[in-house]
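Here's a quick briefing to read alongside the model. Have the sequence and the 3D view open as you go.

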Amino acid sequence: MYNLLPDELVELAKKVIDENRKAGRRLAVAESCTGGLVAGALTEIPGSSDVFECGFSTYSNVAKHKVLDVSEDMLETFGAVSIAVAWSMAQGALEKSGCDVAVAITGVAGPGGGTEQKPVGTVVFAKAEKGKSTDDVVADSYSFGADKSRAEIRLQAALVALELLLPDTSE
């Protein structure tokens, strides 16, 4: 079978759809640097509408603010590539979608745009879940390396985001 996207991305998306279907969970994503790649991977799977509700592709700060209610003060204070903004994006996606789980991705895919504090390859992720306390923050910053291509960084970011969408089997 031919896949539009890399096989490893589609295989993980299938696992995400299958496991969340079994868990009865609905998913949403809020994407910046991946520009809809995670949503694209999820919708590559037949029957994904059983699980995947929606994706928010909020590339600009204006979109993050208007679509996901990320505060302008937060964007100005911490910058778009920060745990605070990723967390706010995930919370906004969860609230706007009414889903059980939302994952947000924001980062610097390059080749330009990096800074000393946030070099190319820096990507921040956050996960918000319905019914969990907003104090229970699941967020992390990754460095995929400034030596990687834009495509490599975006692929790795999409894979991490999909992993975050898998149900936690330890609960």
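A residue counts as buried under 20% relative accessible area, exposed over 50% and partly exposed in between, using a 1.4 Å probe and protein chains only. Helices (H or I, at least four residues) and strands (E, at least two) are DSSP runs, numbered from the N terminus. Keep in mind that this is a predicted model: local features need pLDDT of at least 70, side-chain atom pairs count only at pLDDT 80 or more, and totals for chains, interfaces and linings use all residues. Residues are numbered from 1 along each chain as its sequence is written, and side-chain values use heavy atoms, with hydrogens and water left out.

**Helix α3**
- Three residues of α3 (residues 61-68) are buried, namely A63, K64 and L68.
- Looking down the axis of α3, these buried residues sit within an arc of 105°, so they line one face of the helix; the arc is that of the directions from the helix axis to the C-beta atoms.
- On the face turned away from that buried side, you'll find V62 and K66, which are exposed.
- The buried residues of α3 pack against β1, β2, α4 (72-78), α5 and β3, with contact meaning heavy atoms within 4.5 Å.

- Five strands make an open sheet with mixed pairing, in the order β2-β1-β3-β4-β5; two strands pair if DSSP finds at least two bridges between them.
- The edges belong to β2 (52-57) and β5 (138-143), and each has a single partner strand, so one side of each has no neighbour in the sheet.
- On average, neighbouring strands of this sheet are turned by 15° against each other, direction ignored; axes are lines fitted to C-alpha atoms, for helices over the stretch in contact, and angles run from 0 to 180 degrees between N-to-C directions.
- β4 (residues 122-129) runs antiparallel to β5, joined to it by six bridges.
- V123 has Y142 in β5 as its bridge partner.

**Helix α5**
- α5 packs on the sheet, touching β1 (27-31), β2, β3 (101-107), β4 and β5, and its direction makes about 40° with that of β4.
- The buried residues of α5 include V85, W87, M89 and L94.
- Just past α5, G98 has a positive phi of about 70°.

**L155**
- This residue lies in helix α6 (residues 150-165).
- L155 is buried, at a relative accessible area of 16%.
- Beyond its neighbours within four places in sequence, L155 is in contact with P6, E8, L9 and L37.
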